[in-house]
Amino acid sequence: MARYTGPKTRIARKFREPIFGTDKSYEKKNYQPFVAPYANILIVDDVEFNLKVATGLLNKLELKIDTALSGKEAIEMCKKKKYNIVLMDHMMPEMDGVETMHHIKNEIEGYIDIPVIALTANVVSDARKKLINEGFDDFISKPIDVDFIYSVILKWLPNNLVIIKDDEDDSKF
């Protein structure tokens, strides 16, 4: 099995680059409204309230969402099910997000190219660059901006899982 050592050895995925600007650098609703009812997403955070908020924000996208309260739980869930995206808090007790992400990408077959996106309240630019250099595919700061997370999800989901909504459906989105 290939060993994941970070973004430098990763195969380019449709030239998707991590975001280094702030959430506010994204224009409001800079994505096409979409749903992805066949996409499997795992959200990992040690705070149950944060899991509920993130799940609630993503419900409109019709994703199949699972949640984990720890890195160890996330690893076990990834062993049992293939996720299209993993959203992971980077500061968790016992096993932090960086260690968990490396374990998932290095030790679980089929996860080397699955995007793992950092969720963090640490928004200093050095932290962002450090997380990307550690191997996270992208970065979402807390509190989560709805339009920003939708843009990131759309960017990383495989195209065959995305259903773009037409203009009539846009008003409901």
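1. Buried here means under 20% relative accessible area, exposed over 50%, and partly exposed in between, using a 1.4 Å probe and protein chains only. Helices (H or I, at least four residues) and strands (E, at least two) are DSSP runs, numbered from the N terminus. With that in hand, helix 3 (residues 97-107) has Gly 97, Val 98, Thr 100, Met 101, Ile 104, Lys 105 and Asn 106 buried.

2. Some ground rules. This is a predicted model, where local features need pLDDT of at least 70 and side-chain atom pairs count only at pLDDT 80 or more, while totals for chains, interfaces and linings use all residues. Residues are numbered from 1 along each chain as its sequence is written, and side-chain values use heavy atoms, with hydrogens and water left out.

3. On confidence: pLDDT is the predictor's confidence in each residue, from 0 to 100. The protein chain has a mean of 83, with 76% of its residues at 70 or more. Over residues 1-16 pLDDT stays under 50, although the model has 31 contacts (heavy atoms within 4.5 Å) beyond four places in sequence for them. Residues 18-28 also stay under 50, with 23 such contacts.

4. Now the layout. The protein chain has six helices and seven strands, running β-β-α-β-α-β-α-β-α-β-α-β-α from the N terminus. Of its 173 residues, 48% count as buried.

5. Helix 1 (residues 48-58) buries Leu 51, Ala 54, Leu 57 and Leu 58. Down the helix axis these fall within an arc of 135 degrees (taken from the directions from the axis to the C-beta atoms), so they line one face of helix 1. The face turned away carries the exposed residues Phe 49 and Lys 52. Cover for the buried residues includes strand 2 (40-44), strand 3 (64-68), strand 4 (85-89) and helix 5 (146-156).

6. Worth a look is His 90, in the loop between strand 4 and helix 3. His 90 counts as buried because its relative accessibility is 12%. Its side chain makes a polar contact of 2.9 Å with that of Thr 120; such a contact is a pair of N or O atoms within 3.5 Å, where within protein one must be able to donate a hydrogen and the other to accept it, and residues adjacent in sequence count only if both atoms are side-chain atoms. Beyond four places in sequence, the contacts of His 90 include Asp 96, Gly 97 and Val 98.

7. Asp 96 caps the N-terminal end of helix 3, with a side-chain oxygen 3.2 Å from the backbone nitrogen of Val 98.
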